[in-house]
Amino acid sequence: MAKRRHYLVSKAVEEVQKIIQQLTAEISYKATRFQAISNSGIHNENIKVLAPSQFLITVPLRGLTGYRECQVRHWRYYTVHGAKLLSSVRDPEELHQWLEVEQFSKSLQQWHETDVNIEGDLVPAKVLIVFRELVEKSIISCNLSSKVTMLESFSSGVRVAVETSESQVEVELVPAVEIPTCWPEKARWPRCLKRWPSQEKVQCIKSLGFDLLARSNYHWQLCFSRAERMLMEELDEDGGCRMKCFRVMRQMKEDVWCAGNKPIITAYHLQTVLFWTCEKYPRTKDWRCFPEAFLRLVQKLHKCVSQHFLKHYFLKNTNLLKYANTSDLDLVASRLTVFLENPVFCLD
C-alpha cells in the first residue's frame, strides 16, 4: 500500500509539473518578470508536496539580483491599492519582511512600475494581482482549460485545481524572489553549539541562502526550501532510521491521524518535528532502534499538536500552528493519544 501511494504521488508530481511547466513558460513569454519552472522530475525544488492532493509550487521572479539586507524605513501609510492611510500598516511578523527594490543592486525597470511597486516597496499583493491575471490568460492560450481551473482564494494567493490521470490536485502557485547569496539576519541558526547538523553541513546550508514568497498583502514570507532539502539529504549517513521514521509517520498521518485532501498537519509540519528531534537526539545510537526512535518522534508531534505550538526550525519565535483551527488540532491530538497508548505500527 505504501509503495502504491508513493507511486501515485510521484506520478501526480510528474503530471502536475508538466502542466505547470507549460503554463509558466507561457506566463514567462507574456511577462519576462516571471520565470518558467524547470522540468527536473520528482526532485524539482520548486515543488513542495504538502499532502497527496495539495502542492505548493514556487515561480521564480526574474530581474532582481544583488540582494542586501539594510535598515528599511519603519512606517508605511498606504493600502495595497495605493491609497493613503492615516495610521501605519502593521509591522511584519518574524517569518515575514518588507522588501524594497533598492535592496537589489540590479533590478529590471518593470519592478519600478506602479503595477507592483508603491513608494519603493515591492508589494506582494500587487505582484499576485499581475500574476493571477497572467495565469488566467495563459490557461486559455495554452488550451489547458480542461486540466486547470482557477480556484477562489480567501487570501491573496493564486490557487488552481489540476486534473491528473488519478485525481484532482490543489496547487498554490507562489511568485518567489530567490536569494542564493546570503542568509537572513533574523534566522539566528544554529542556536549555540549543537551536534546536529555538523558544522560543515551548517556552513553549506547557510551558503544556499533563502527565498521570499509573495503569500500575503504587504510582507514577503521567508522560505528555506533549499536549506531544508539539504538537511533531509544524507540524513542517515550514519546508518540510522530517521528517514524510515519520517516515512512511516507520514504514512500514519495520511491514513489514520490526519487524513483528507487539506489536512491541518502537512508533510512540512512533520519535517519540522523531525528536524527538532534530530537536533535533540544527535547521536547515532539514538536512531538505531526503529520503535524507540519512532515513538520519540510521535511524542514530539503529540506535544506540539496538543499545545498548538510548533516552532519553525530556523525562526524559533514563529509558531507554525498559530493560525490552525484549534478544534482540528485537538482531534489530531486525541488520535495521537490513542496511538501512543497502544502503538501499532503501519509498516507495509
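Is Tyr313 buried or exposed? At 2% relative accessibility, Tyr313 counts as buried, where buried means under 20% relative accessible area, exposed over 50% and partly exposed in between (1.4 Å probe, protein chains only). This is a predicted model, in which local features need pLDDT of at least 70 and side-chain atom pairs count only at pLDDT 80 or more, while totals for chains, interfaces and linings use all residues. Residues are numbered from 1 along each chain as its sequence is written, and side-chain values use heavy atoms, with hydrogens and water left out.

**Aromatic pairs**

- The whole structure contains 20 aromatic pairs; rings of Phe, Tyr and Trp (its six-membered ring) pair if their centres lie within 6.5 Å, and planes under 30 degrees apart count as stacked, over 60 as edge-to-face and the rest as tilted.
- One of them joins Trp189 and Tyr313 edge-to-face, at 6.0 Å centre to centre and 65 degrees between the planes.
- Trp189 is buried as well, because its relative accessibility is 1%.
- Phe275 and Tyr313 form a tilted pair, with 5.4 Å centre to centre and 50 degrees between the planes.
- Phe275 is buried, with a relative accessible area of 1%.

**Aromatic cluster**

- One aromatic cluster includes Trp189, Phe275 and Tyr313, and among its other members are Tyr67, Phe104 and Trp276.

**Charges over rings**

- The charged end of Arg33 sits over the ring of Trp111, 5.3 Å from its centre; the criterion is NZ of Lys or CZ of Arg within 6 Å of the ring centre and within 35 degrees of the ring normal.
- Arg296 lies over the face of Tyr281, 4.4 Å from the ring centre.
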